[in-house]
Amino acid sequence: MVGVRHGGVWMGKVLKHVSPKADRYASRYGNKIADAIDAVENTGEHALTQALMRAGLSWDVVGDLAKAIILVAA
């Protein structure tokens with residue numbers, strides 16, 4: 001999320017091909033976009049942790065497993 005939060009050259013290069021308007025919006029509201037993505041990731045990690053616990057995995061490892069799965073999947 002650092003790239004989204006702080007803009008950067010790569011984000012502008014990608015978005016200018018999608019939409020100049022989206023490029024300007026992302027540059028202006030990068031923090032809000034990154035916050036929204038972080039919230040979704042945190043919600044997904046929590047839901048995955050609960051699902052792993054319901055599946056019978058040990059409570060002392062499910063948090064780390066869920067975090068790793070979310071990082072790889074993203």
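A residue is called buried when its relative accessible area is under 20%, exposed when over 50%, and partly exposed in between (1.4 Å probe, protein chains only). The model is predicted, so local features need pLDDT of at least 70 and side-chain atom pairs count only at pLDDT 80 or more, while totals for chains, interfaces and linings use all residues. Residues are numbered from 1 along each chain as its sequence is written, and side-chain values use heavy atoms, with hydrogens and water left out.

The protein chain has five helices and zero strands. Helices (H or I, at least four residues) and strands (E, at least two) are DSSP runs numbered from the N terminus. The order of elements is α-α-α-α-α from the N terminus on. Of the 74 residues in the chain, 20% are buried. The chain exposes about 5,600 Å², and carbon and sulfur atoms supply 63% of this area. Accessible areas come from the Shrake-Rupley method with a 1.4 Å probe; for residues, only the protein chains shown count as cover. A contact means heavy atoms within 4.5 Å. Among contacts with a separation of 6 or more, 37% join residues 24 or more positions apart.

Helix α4 covers residues 30–54. Its 25 residues reach 36 Å from the first C-alpha to the last. That span is close to the 36 Å expected at 1.5 Å a residue, where the expected value is 1.5 Å times one less than the number of residues. The buried residues of α4 are Gly-30, Ala-34, Glu-45, Thr-49 and Leu-52. Just after α4, Gly-56 takes a positive phi of about 100°.

Thr-49 lies in α4. Thr-49 counts as buried because its relative accessible area is 16%. Leaving aside residues up to four places away in sequence, Thr-49 touches Val-62, Gly-63 and Ala-66. The C-alpha atoms of Thr-49 and Trp-59 are separated by 8.7 Å, with the two residues 10 apart along the chain.

Helix α5 spans residues 59–73 and contains Ile-69. Ile-69 has a relative accessible area of 40%, so it is partly exposed. Together with Leu-57, Val-61 and Leu-65, Ile-69 makes a nonpolar surface patch of about 280 Å². Patches are made of residues with over 30% relative accessible area and no salt bridge; like charges are joined within 9 Å, and nonpolar side chains (Val, Leu, Ile, Met, Phe, Trp, Tyr) within 5 Å. A salt bridge is a side-chain nitrogen of Lys or Arg within 4 Å of a carboxyl oxygen of Asp or Glu.
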